[in-house]
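Open the model in your viewer and keep the sequence panel beside it. The stops below tell you what to select and what to look for.

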Amino acid sequence: MIKFSVTSGHLELYPNSCIITGIFEELNLFPSTKKIDDISKGYISSLLRRGALHGKVTQTLLLYDVPHLHNRQILLVGCGKQSDFDENCYRKLIRKITILCKEIPIIRILLFLSELNIKGYDNYWKIRQTMEIVNEELYVFNKFKNNITTLNQSLNEIVLHIPNENELGDCKKSIRDGLSIVHGIKIAKDLGNMPPNFCTPDYLVNQVNKLSNCDNVTINIINALEMKQLGMNAYLAVGKGSNYAPTMPIIKYRGNPKGSNVPPIVLIGKGLTFDSGGISIKESNKMDEMKYDMCGAAAVYAIMRIAIELNLPLNIIGILAVCENMISHTSFRPGDILTTLSGKTVEVLNTDAEGRLVLCDALTYAERYKPDVVIDIATLTGACVIALGHHFSGLMSNNKNLADELILAGQQSKDYVWKLPLDEVFQKQLKSTCADMTNVGGRSGGAITAGCFLQQFAYKYRWAHLDIAGTAWISDYCDKSATGRPVALLSQYLINRSSY
């Protein structure tokens, strides 16, 4: 992990750091750039007059041994037009700087980009974004590689310069929050990237049990026998073809100072450690990526780790809906009718629409906690990828205020969601001739009908569904990786809730 800190000290105090500061297209100098120019007796100004840097967004100029300056390296970064500079430009700059640092042996950075004023975004946001983007760009998963060869990643420390000393206290809080969140994102990525012969249902249970010694935390593992006694038949059906029995690890965190009677926030993560599609088998192309079908559960686990580490003043329950959808003579079949924990019956038309069968029983189970809100997170539908691509997670909710809170958290964290409708007309697509509903509603509006299916089991509380099928992982032939989304989004949501 990169070390992050904040300072209001002068650049002379950091002689071994690479100074990073900015230039606008108008060739206006940042206060720090102006100071460097003064110390170097106009060296920077002379370079700009000769056209060495035009200030275009992400344009860079690396200087060595600037006259009269103790710092060996100075990186000037183009910031575009001063009037156009916004949060997206800031994020582009941080990403470009990080990529550059992987190619150049820069060990320590003193970053002056926080001098930039971004309307609507404070230093807390700048620091959090810097930390998340840097760690995203430097992330590697090489647990199973031999003879590892990587690009130079010698960067190990970033000091962010905050001009106003009075703001250092709040900025240190952002460092604390940021460190916990980037660590949580890494945990979610690592779990998602683990191969399915290692990251089995039992493996996830073992990870959850590691939290049993944390303060204010209780762990409860619901096994297959208990599920059968409870009547969680839809959940159990999905795992019937696997050698691994379905399991439902539950993490209870009691952080609210008013006690455990305060209604909790319940997070439910879909945890299919591998999804073959079952009898309705998937195409072989990219089936290896179905190890990522547990990214919802990985996100919930990571978020619970963050909440515990930050000691958030909330009661939160994380439910990992874990099993494996495989093919055998015991697998459930198209045409089967399942009686869910709620008592409602479901006609199975497609065994590859298994996530909603697992989640519907978990949603019903959550009723016993009398929750304030329930949010489920799932790599649920390919239809959501078609609708929203890989940039926005799908959001569906039965409560406008909850949806608005999640949209705001997405805007703050830049982990975006887009709200899709849950209209009664879509429910008609789930009608069955021989059961209360079918588990699929046809190709049209597939992401929405999946949400409508889940809504049938979430009428007793405020509920939101996040479909992360398009955002949970990157799918490139030579660059497949979990993204850790929506850990940043939901962490921000919980931080916002903590300040109510």
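Start with one term: a salt bridge here is a side-chain nitrogen of Lys or Arg within 4 Å of a carboxyl oxygen of Asp or Glu. Now select Arg-95, Glu-136 and Glu-137. Salt bridges link these three residues in a network. Keep in mind throughout that this is a predicted model.

**The whole chain**

Zoom out and show everything as a cartoon. The protein chain has 15 helices and 19 strands. Its radius of gyration is 25 Å, close to the 23 Å that the globule rule gives for 500 residues, so the chain is as compact as a globular protein of that length. Draw a box along the principal axes: the C-alpha atoms fill roughly 85 × 50 × 45 Å.

The protein chain exposes about 21,100 Å². Carbon and sulfur atoms supply 50% of that area. How much of the chain is buried? Buried residues make up 59% of the 500 residues. Look at the contacts too. Among those with a separation of 6 or more, 77% are between residues 24 or more positions apart.

Move to residues 18-23 and 73-78. These are strand 2 and strand 4, which pair in the parallel sense over 5 bridges. Click Ile-23. Opposite this residue, in strand 4, stands Gly-78.

**Salt bridges**

A search of the whole structure finds 23 salt bridges.

Select Glu-132 and Arg-128. They form a salt bridge, with the closest N and O atoms 3.1 Å apart. The two residues are 4 apart in helix 4, so about one helical turn separates them. Are they buried or exposed? Both Glu-132 and Arg-128 are buried.

Jump to Lys-414 and Glu-87. Here the closest N and O atoms of the salt bridge are 3.4 Å apart. Lys-414 lies in the loop between helix 12 (400-413) and strand 15 (417-419), while Glu-87 is in helix 3 (residues 87-103), so the pair ties together parts that are 327 residues apart in sequence. Lys-414 counts as buried because its relative accessibility is 9%, under the 20% cut-off. Glu-87 is buried as well, with a relative accessible area of 16%.

Then select Asp-352 and Lys-282. The closest N and O atoms of their salt bridge are 3.0 Å apart. This pair links distant parts of the chain, 70 residues apart. Asp-352 is in the loop between strand 12 (345-347) and helix 10 (355-365). Lys-282 is in the loop between strand 9 (265-275) and helix 9 (295-310). At 24% relative accessibility, Asp-352 counts as partly exposed. Lys-282 is partly exposed too, with a relative accessible area of 22%.

**Backbone stops**

Phi of Lys-286 is near 70°, a positive value in a residue other than glycine. Lys-286 is partly exposed, with a relative accessible area of 40%.

Return to the loop between strand 3 and strand 4, where you find His-68. His-68 is not a glycine, yet it has a positive phi of about 65°. With a relative accessible area of 53%, His-68 is exposed.

Finish at Arg-485 and Pro-486. A cis peptide bond joins them, and omega is about 5°. Pro-486 is in the loop between strand 19 (479-482) and helix 15 (487-498).

Conventions
Residues are numbered from 1 along each chain as its sequence is written. This is a predicted model: local features need pLDDT of at least 70, side-chain atom pairs count only at pLDDT 80 or more; totals for chains, interfaces and linings use all residues. Side-chain values use heavy atoms; hydrogens and water are left out. Two strands pair if DSSP finds at least two bridges between them. The radius of gyration is taken over C-alpha atoms; the globule rule is 2.2 Å times the number of residues to the power 0.38. Buried means under 20% relative accessible area, exposed over 50%, partly exposed in between (1.4 Å probe, protein chains only). Contact means heavy atoms within 4.5 Å. Accessible areas come from the Shrake-Rupley method with a 1.4 Å probe; for residues, only the protein chains shown count as cover.
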